[in-house]
Amino acid sequence: MERKIIAVPMGDAAGIGSEIVAKAAASGLLTKYSVPLIVGDKKLLELGMEIADVKFSYDIIHSEDEISDINGITLFDTSSIEGNIVLGNVSPINGKEEAE
C-alpha cells in the first residue's frame, strides 16, 4: 500500500493542537497509513513534545518545493512565531501562527 502525504496542522499556538500532534506522532499513528507533514512553527512542535512528555525524530523543510522528497515525519517549519508562546491567552504572537 502506497502511503500518501497528509498535512497535519498544529492549529492555534495558544491551544492544545501541538500536544495532540506530538502524541500522535510519537505513538506511530501518523506514520501507520501516511507520510505526515506537520505544518507550523518548530518552537510550537518542540513545546508540544515537552508538554506531552514525548520525543520523536523528524525532518524539517522550509519550502513547498521540498514536499515531494519527504519520506517520514516532516515539519514544514513556518518560522512564524516571534517571541514566547503564551498558552491559553489571545495574543498577536499566537494569532500570527494561525493566520499564516
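Modeller: In helix 3, the buried residues are L44, L45, L47, G48, M49 and A52; buried means under 20% relative accessible area, exposed over 50%, and partly exposed in between, with a 1.4 Å probe and protein chains only. Helices (H or I, at least four residues) and strands (E, at least two) are DSSP runs numbered from the N terminus. The model is predicted, so local features need pLDDT of at least 70 and side-chain atom pairs count only at pLDDT 80 or more, while totals for chains, interfaces and linings use all residues. Residues are numbered from 1 along each chain as its sequence is written, and side-chain values use heavy atoms, with hydrogens and water left out.

After helix 3 comes D53, with a positive phi near 55°, although D53 is not a glycine. D53 sits in the loop between helix 3 and strand 3 (59-61) and, at 69% relative accessibility, counts as exposed.

Next, the core. A nonpolar core is a set of buried Ala, Val, Leu, Ile, Met, Phe, Trp, Tyr and Cys residues joined through side-chain atoms within 4.5 Å. The largest one has 21 residues, of which M10, I38, L45, F56 and Y58 touch the most other members. Helix 1 (17-27) and helix 3 (42-52) each supply at least two residues of this core, and helix 3 gives the most, with 5 residues.

Y58 is buried at 16% relative accessible area. Leaving aside residues up to four places away in sequence, Y58 touches K42, L45, E46, M49, I73 and L75, where contact means heavy atoms within 4.5 Å. The structure holds 1 aromatic pair. The ring centres of F56 and Y58 are 5.8 Å apart and their planes stand at 50°, so the pair is tilted; rings of Phe, Tyr and Trp (its six-membered ring) pair if their centres lie within 6.5 Å, with planes under 30 degrees apart stacked, over 60 edge-to-face and the rest tilted. F56 is buried too, at 13% relative accessibility.

Finally, the axes of helix 1 and helix 3 come within 8 Å and cross at roughly 70°, which means that helix 1 is roughly perpendicular to helix 3. Axes are lines fitted to C-alpha atoms, for helices over the stretch in contact, with angles from 0 to 180 degrees between N-to-C directions; under 35 degrees is roughly parallel, over 145 roughly antiparallel, 65 to 115 roughly perpendicular and the rest oblique. S18, E19, A22 and K23 of helix 1 make this contact with L44, G48, M49, I51 and A52 of helix 3.
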